[in-house]
Amino acid sequence: LQLVESGGGLVQPGGSLRLSCAASGSTLEYYAIGWFRQAPGKEREGVSCISSGGRNTNYTYFVKGRFTISRDNAKNVVFLEMNNLKPEDTGIYFCAAVDSWYRCKAFGSWGQGTQVTVSS
């Protein structure tokens, strides 16, 4: 499963962005999908995961209440709506297939990611 991330950019603190994760040449409707991020000088960490049908979601504590994961299987895309962004949200955001929405452990290869920079 090849996934392509998009939607990143430069935004001021308190601003919003919506990231997209699209499948390239395949369908993602049978997979639980997760968003991950890697800040400069830090390891990649999980942000949020969603079940294949979209009914179940999981968020790490530092984004809960600010980020919303969703999916549109008909359009073969998973979204990450990010509100009230903080400078510490800066990093490269990746999406990946995961083993389950609750364990949120990625498998397969990583894409290029999309850069999110939160700065005034």
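When the bonded cysteines of the protein are numbered in sequence order, what is the pairing? The pairing is 1-3, 2-4. This report describes those links and the nonpolar cores of the structure.

The structure is a predicted model, in which local features need pLDDT of at least 70 and side-chain atom pairs count only at pLDDT 80 or more, while totals for chains, interfaces and linings use all residues. Residues are numbered from 1 along each chain as its sequence is written, and side-chain values use heavy atoms, with hydrogens and water left out.

**Disulfides**

A disulfide is a covalent bond between the sulfur atoms of two cysteines. Here it is assigned to a pair of cysteine sulfur atoms within 2.5 Å. The structure holds two disulfides, as listed below.

| Pair | S to S distance | Angle about the S-S bond | Handedness |
|---|---|---|---|
| Cys21 and Cys95 | 2.1 Å | 80 degrees | right-handed |
| Cys49 and Cys104 | 1.6 Å | 75 degrees | right-handed |

Cys21 belongs to strand β3 and Cys95 to strand β9, so their link ties together parts that are 74 residues apart in sequence. Strands (E, at least two residues) are DSSP runs, numbered from the N terminus. Cys21 is buried, with a relative accessible area of 0%, and Cys95 is also buried, at 2% relative accessibility. Buried means under 20% relative accessible area, exposed means over 50%, and partly exposed lies in between, for a 1.4 Å probe and protein chains only.

**Nonpolar cores**

A nonpolar core is a set of buried Ala, Val, Leu, Ile, Met, Phe, Trp, Tyr and Cys residues joined through side-chain atoms within 4.5 Å. The largest such core has 24 residues, of which Ile33, Trp35, Phe67, Val78, Leu80, Met82 and Tyr93 touch the most other members. Several strands each give two or more residues to this core, among them β4 (32–38), β5 (45–50), β8 (77–82) and β9 (91–98). Strand β3 gives the most, with four residues.

Which residues is Met82 in contact with, leaving aside its neighbours within four places in sequence? They are Gly15, Ser16, Leu17, Leu19, Arg66, Phe67, Tyr93 and Val116, where contact means heavy atoms within 4.5 Å.

A second, separate core has six residues, including Ala32, Phe36, Cys49 and Val98.
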